[in-house]
Amino acid sequence: MNSNHTEIQRVIGLIAGMSWESSAEYYRLINQGVRDRLGPLRSARLLMYSVDFGPIELAQQEGRWDDAAALLEDAARRLQDGGADVVLLCTNTMHKLADRIAAAVRIPFMHIADPVAAAARTGGHRKLGLLGTRFTMEEPFMRERLHQQGLEVLVPDEADRAEVHRIIYDELCTGRIHDASRRIYQRVMAQLAERGAQAMVLGCTEISLLVQQQHCPVPVLDTTALHAQAAVDFALKP
């Protein structure tokens with residue numbers, strides 16, 4: 001075992017629980033990434049602050065974003081106080097509040113859109129389809145972050161946005177995976193590809209529980225996996 005890597009491995013801080021179904025994927029992917037890089041008995045130095053999603057989901061629906069921000073700012077400060085060297089927010093939707101969370105701490109905040117944009121550019125993909133909650137698809141916080149990095153973003157039509165959103169909250173966040181819902185996502189992704197999407201952003205951390213690369217006609221950019229990999233890179237960089 002190489003003890004030098006233990007000395008330089010930075011502590012990853014995760015704001016989790018939105019939903020815990022996808023937060024468990026973050027934990028798995030980050031630890032697998034460290035193990036793959038450092039050896040079979042190695043794992044990540046990691047802190048997770050898992051919030052109760054219920055009050056936050058209610059605040060989303062009622063438009064009480066200040067209340068949600070206060071909860072997430074507190075979570076970020078707790079991670080910083082616990083010794084985290086970086087903060088990741090394990091949800092796309094709540095990146096609506098990314099600037100406020102980043103401002104609440106002195107340590108870096110790793111925005112979920114940035115590793116997605118990097119992967120898109122590396123793959124030569126300039127026009128992206130975006131699936132997510134209605135907040136992520138309809139509000140500018142994710143699309144503008146990608147636009148700033150030279151990328152064009154397409155979203156489904158209104159009826160399909162509503163269905164994609166419903167499946168996330170009613171099924172995926174509660175751990176329910178249905179073939180019929182997978183077929184709906186496949187149809188929506190195919191339509192975005194027909195409109196010119198060169199890659200598909202799975203812009204909700206639960207979507208990869210339902211669809212993977214084999215279900216999509218163009219390359220998939222999974223925000224959960226890319227965010228987790230960026231965290232591993234940060235933790236292990238010299």
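Ser19 counts as buried, at 2% relative accessibility. The model is a predicted one.

- Ser19 is located in the loop between S1 and helix H2 (20–38).
- A cis peptide bond, with omega about -5°, joins Met18 and Ser19.
- Setting aside neighbours within four places in sequence, Ser19 makes contact with Phe53, Cys173 and Glu206.
- Between Ser19 and Thr205 there are 8.4 Å in space, C-alpha to C-alpha, although the two are 186 residues apart in sequence.

**The sheet S2-S1-S3-S4**

- Four strands make up an open sheet in the order S2-S1-S3-S4, and their pairing is parallel.
- Strand S2 (46–50) and S4 are at the edges with a single partner strand each, so one side of each has no neighbour in the sheet.
- Helix H4 packs on this sheet and touches S1, S2 and S3; the direction of H4 makes about 155° with that of S2.
- Strand S1 (residues 12–16) pairs with S3 in the parallel sense over four bridges.
- Ile12 has Val86 in S3 as its bridge partner, and Gly13 stands opposite Val87 in S3.
- Two bridges, again in the parallel sense, pair S3 with strand S4 (residues 109–110); in S4, Phe109 is the bridge partner of Val87.
- Strand S3 (residues 86–89) is covered on both faces: Val86 and Leu88 on one side, and Val87 and Leu89 on the other, are all buried.

**The sheet S6-S5-S7-S8**

- Another open sheet of four strands has the order S6-S5-S7-S8, with parallel pairing.
- Its edge strands are strand S6 (152–154) and strand S8 (220–222), each of which pairs on one side only.
- On average, neighbouring strands of this sheet are turned by 30° against each other, direction ignored.
- Helix H8 (residues 140–147) packs on the sheet and touches strand S5 (127–131) and S6; the direction of H8 makes about 145° with that of S6.
- Strand S7 (residues 199–202) and S8 run parallel and are joined by three bridges.
- Val201 has Leu221 in S8 as its bridge partner.

**The nonpolar core**

- The largest nonpolar core contains 82 residues.
- The residues with the most contacts inside this core are Ile15, Met18, Ile30, Leu72, Met94, Ile168 and Tyr185.
- Not counting residues up to four places away in sequence, Ile15 touches a set of residues including Tyr49, Leu72, Ala75, Ala76 and Leu79.
- Val87, Leu88, Leu89, Cys90 and Ile101 are also among the residues that Ile15 touches.

**Aromatic pairs**

- Two aromatic pairs are found in a search of the whole structure.
- Phe53 and Tyr169 form a stacked pair, with 6.3 Å centre to centre and 25° between the planes.
- Phe53 lies in helix H3 (residues 53–62) and Tyr169 in helix H9 (residues 158–170), so this pair ties together parts that are 116 residues apart in sequence.
- Phe53 is buried at a relative accessible area of 17%, and Tyr169 is buried at 14%.
- Trp65 and Phe135 form an edge-to-face pair, with 5.4 Å centre to centre and 85° between the planes.
- This pair links distant parts of the chain, with Trp65 in helix H4 (residues 65–82) and Phe135 in helix H7 (residues 134–138), 70 residues apart.
- Trp65 counts as buried at 13% relative accessibility, and Phe135 is buried with a relative accessible area of 3%.

**Charges over rings**

- Lys96 lies over the face of Trp65, at 4.9 Å from the ring centre.
- The charged end of Arg10 sits over the ring of Phe234, 5.8 Å from the centre of that ring.

Notes: Residues numbered from 1 in each chain as written. Predicted model: local features only at pLDDT ≥ 70, side-chain atom pairs only at ≥ 80, totals over all residues. Heavy atoms only, no water. Phe/Tyr/Trp six-rings, centres within 6.5 Å; stacked < 30°, edge-to-face > 60°. Buried < 20%, exposed > 50% of the residue type's maximum accessible area, 1.4 Å probe, protein only. Lys NZ or Arg CZ within 6 Å of the ring centre and 35° of its normal. Pairing = 2+ DSSP bridges. Axes fitted to C-alpha atoms, helices over the stretch in contact; angles between N-to-C directions. Contact = heavy atoms within 4.5 Å. Core = buried A, V, L, I, M, F, W, Y, C linked by side-chain atoms within 4.5 Å.
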